[in-house]
Amino acid sequence: MTGPDTAESEAGHSLRRLNKRSQFLRAARGNRAGRRAFALQAIASDELTPGVGFTVTKKVGNAPERNRIKRRLREVVRASARDFQSQHDYVLVGRREALSEPFGQMVTDLSALLIKVHADKARPNKAGGLRNSR
């Protein structure tokens, strides 16, 4: 079942869309990792299906450029839908480099970042606390 809040990928993995500001702010408190074209924020959630949100700031460019970045990010997420873990919310923060980065590289980067944000929650930082804890 696909509706306005869920998206069905080609492989049959459903993803929930984040669309409330509070969901984005909550994800910003979680683990973070970045690459050239985008950054990824992740946090545990109570929902069974993974939630995904997209954001691109006005510093990146004008509206058509920001929309093109978000479209590319949505396709990258669709291509990597099987890598998202249930009971987590994710936010992709687009950067200007997403316009020129090869699509295959972006898919590879997202897969690597997903592994990294989930590995970070168990790795303590030098101060003895958990990494990215806020």
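Modeller: Start with Glu75, which counts as partly exposed at 37% relative accessibility. The classes go like this: buried is under 20% relative accessible area, exposed is over 50%, and partly exposed lies in between (1.4 Å probe, protein chains only). Before going on, note that this is a predicted model, where local features need pLDDT of at least 70 and side-chain atom pairs need 80 or more, while totals for chains, interfaces and linings use all residues. Residues are numbered from 1 along each chain as its sequence is written, and side-chain values use heavy atoms, leaving out hydrogens and water.

Biologist: What percentage of the residues of the protein chain count as buried?

Modeller: The figure is 39% of the 134 residues. The accessible surface of the chain comes to about 7,800 Å². Carbon and sulfur atoms hold 50% of that surface. These areas come from the Shrake-Rupley method with a 1.4 Å probe; for residues, only the protein chains shown count as cover.

**Helices and strands**

Biologist: How many helices and strands does the protein chain have?

Modeller: Helices and strands are DSSP runs, numbered from the N terminus; a helix (H or I) needs at least four residues, a strand (E) at least two. Here there are 3 helices and 6 strands. Along the sequence they follow the pattern β-β-α-β-β-β-α-β-α.

**Salt bridges**

Biologist: How many salt bridges does the count come to?

Modeller: The general idea is a side-chain nitrogen of Lys or Arg within 4 Å of a carboxyl oxygen of Asp or Glu. The count comes to 7. One of them joins Arg16 and Asp89, at 2.6 Å from N to O.

Biologist: Where in the chain do Arg16 and Asp89 sit?

Modeller: They link distant parts of the chain, 73 residues apart. Arg16 is in strand E2 (residues 14–17) and Asp89 is in strand E6 (residues 88–94).

Biologist: Is Arg16 buried or exposed?

Modeller: Buried, because its relative accessible area is 10%. Asp89 is buried too, at 5%. Arg16, Asp89 and Arg26 are linked in a network of salt bridges.

Biologist: What is the N to O distance between Arg78 and Glu75?

Modeller: Their closest N and O atoms are 2.3 Å apart, in a salt bridge. Both residues lie in helix H2 (residues 63–79). They are 3 residues apart there, so about one helical turn separates them. Arg78 is partly exposed, at 34% relative accessible area. Another salt bridge pairs Asp83 with Arg82, at 2.7 Å from N to O. Asp83 is partly exposed at 25%, whereas Arg82 is exposed at 57%.

Biologist: What does the side chain of Asn31 reach at 2.9 Å?

Modeller: The backbone oxygen of Val117. A polar contact is a pair of N or O atoms within 3.5 Å. Within protein, one atom must be able to donate a hydrogen and the other to accept it, and residues adjacent in sequence count only if both atoms are side-chain atoms. Asn31 lies in strand E3 (residues 31–34). Asn31 is buried, at 9% relative accessibility. The side chains of Arg16 and Asp89 also make a polar contact, at 2.6 Å.

**Aromatic pairs**

Biologist: How many aromatic pairs does the count come to?

Modeller: Rings of Phe, Tyr and Trp (its six-membered ring) pair if their centres lie within 6.5 Å; planes under 30 degrees apart are stacked, over 60 edge-to-face, and the rest tilted. The count is 1 aromatic pair. Phe84 and Tyr90 form this edge-to-face pair, with 4.9 Å between centres and 75 degrees between planes. Phe84 is buried at 7%, and Tyr90 is buried at 0%.

**The nonpolar core**

Biologist: Which residues in the largest nonpolar core touch the most other members?

Modeller: A nonpolar core is a set of buried Ala, Val, Leu, Ile, Met, Phe, Trp, Tyr and Cys residues joined through side-chain atoms within 4.5 Å. The largest has 25 residues, and those touching the most other members are Phe38, Leu40, Val77, Phe84, Leu92 and Leu110. Strands E4 (38–44), E5 (51–55) and E6, with helices H2 and H3 (103–120), each give two or more residues to this core. The largest share, 6 residues, comes from H3.

Biologist: Which residues does Leu92 touch?

Modeller: Contact means heavy atoms within 4.5 Å. Leaving out residues up to four places away in sequence, Leu92 touches several residues, among them Phe38, Leu40, Val52, Leu73, Val77 and Leu110. For the protein chain, take contacts between residues at least 6 apart in sequence: 75% of them join residues at least 24 apart.
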